[in-house]
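Visitor: I have a structure to look at today. Could you go through it with me?

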Amino acid sequence: MADRFPPIDPPMRYPRRTPEPDDNAFNREGRRQEASEKVVKSRKTFHLARLSDFFITGEFDIVFFALTMLLLAIGLVMLLSASYPTAYYQSDNSYSYFIKQLIFAVVGFVAMIVASKLDYKIYKDLLKIMLPVSMLLLVVVLFYNNGKTSGNGEKFRRYIPLFSGVTFQPSEVAKFVLIVTLAVFFSKFAGKIKTFKYGIFFPLAIIAVFCGLIVLENHVSCTILMFLIGASIMFAGGSNKWLFWLGVIVVAAAVIVVFMFPDMLPQYVQDKLMAFTDKDFEPLKGRWQINNSLYAIGSGGFFGVGLGNSKQKYMYVSEPQNDFIFSIVCEELGFIGAIIIIILFVLLVLRGIQISMKARDKFGSYIALGITAQIGIQTVFNILVVTDAIPNTGIALPFFSYGGTALVMLLFEAGVVLSISRKANQRKI
């Protein structure tokens with residue numbers, strides 16, 4: 001029995017280690033303090049790094065920049081040509097509209113360069129400020145009456161007067177805020193977008209708030225534009241396609257109902273619809289602007305009458321420096337010049353879509369897409385209005401039509417797209 005279990009050696013005893021001087025409480029506390037100082041220093045360094053991260057380096061997309069500047073330059077030249085008869089009649093200064101627009105263009109160019117250097121992700125944090133401020137401005141503008149009314153006395157509340165005849169149009173800022181709001185929403189809830197709640201209901205609610213405030217300004221064209229910009233981001237953001245197209249069908253049905261029963265709309269909108277459906281409606285009033293626009297387009301022919309030689313801009317086409325500037329473009333530059341300008345817009349939109357597809361994150365992609373959709377939709381609508389293909393909605397042509405807030409914001413938004421292109425590491429051509 002004893003042979004089956006060998007003897008067990010006693011456990012080995014190790015001598016107790018004498019604590020080294022560094023292990024005493026005093027030194028441990030000193031090491032703790034040193035570590036905490038390192039953490040504080042690292043936090044300070046982190047905050048300094050975050051300040052520097054507001055700006056980004058690298059080359060932006062030169063093609064998008066060149067197309068933007070080319071359209072801006074052509075737009076300024078055409079604004080000078082189209083506006084000087086009206087400017088002289090109103091102020092005895094043929095260059096009044098051009099000088100103001102040139103100043104706005106310089107301000108917008110600076111804003112574009114600065115925006116192209118800023119990290120576009122900063123707008124995600126600034127949305128907490130931009131959204132309430134934009135909502136407030138859309139409410140404040142309703143209390144201003146700038147003396148502009150429709151033929152039936154309905155007031156247009158679209159501008160806030162600033163100084164020396166300069167006004168501010170909050171709806172132009174609201175376009176960008178809507179784009180950023182939807183970009184934040186769709187990038188944050190990307191995993192839930194296929195549901196009705198997050199893919200349809202909440203985005204439509206956001207769009208409805210903006211559109212509801214703008215329609216109170218008696219600004220139907222901007223309301224339609226805002227809705228289409230939002231719908232573009234919804235489609236690209238991955239909203240349920242069946243529900244989305246169902247919504248498109250509902251909207252199309254609503255448009256048909258509006259044409260059948262126009263009495264439900266404001267009187268000035270009814271007049272515009274009547275002028276579109278009935279070509280003989282009030283030729284000296286309701287149809288005056290669009291008829292003279294068609295005369296200008298037809299007079300241009302294939303090669304145009306030459307830069308500065310338009311006849312319809314001499315008090316025939318109403319507000320030739322604004323919504324109907326494209327008719328003067330067609331008259332002076334002809335079919336060839338108009339097609340070249342349209343091609344430039346198409347190239348700009350295609351390049352913007354390419355930048356959005358190559359963006360590093362969904363947030364940047366949605367912002368680039370929304371801004372590109374704004375430019376594209378606005379251009380298409382303006383040309384359709386000028387050619388009498390749709391009712392006269394009074395929508396401006398980007399980079400061409402007179403308007404300080406619109407031009408500055410448009411160039412700023414172009415700078416945001418350039419900022420997104422910096423981070424995309426896109427191959428330059």
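Visitor: Is F185 buried or exposed?
Guide: F185 counts as buried, at 11% relative accessibility. Buried means under 20% relative accessible area, exposed over 50%, and partly exposed in between (1.4 Å probe, protein chains only).

Visitor: What should I know about the model itself?
Guide: This is a predicted model, in which local features need pLDDT of at least 70, side-chain atom pairs count only at pLDDT 80 or more, and totals for chains, interfaces and linings use all residues. Residues are numbered from 1 along each chain as its sequence is written, and side-chain values use heavy atoms, with hydrogens and water left out.

Visitor: Which aromatic cluster does F185 belong to?
Guide: One aromatic cluster is formed by F185, F186, F189, Y198, F201, F202 and Y366.

Visitor: How many aromatic pairs does the structure hold?
Guide: The structure holds 20 aromatic pairs. Rings of Phe, Tyr and Trp (its six-membered ring) pair if their centres lie within 6.5 Å; planes under 30 degrees apart count as stacked, over 60 as edge-to-face and the rest as tilted.

Visitor: Why is the pair of Y97 and Y402 edge-to-face?
Guide: The ring planes of Y97 and Y402 stand at 75°, with the centres 4.9 Å apart, so the pair is edge-to-face.

Visitor: And how accessible are those two, Y97 and Y402?
Guide: Y97 is buried, with a relative accessible area of 13%, whereas Y402 counts as partly exposed at 22%.

Visitor: New topic: what lies over the face of F363?
Guide: K124 does, at 4.8 Å from the ring centre. A charge sits over a ring if NZ of Lys or CZ of Arg is within 6 Å of the ring centre and within 35 degrees of the ring normal.
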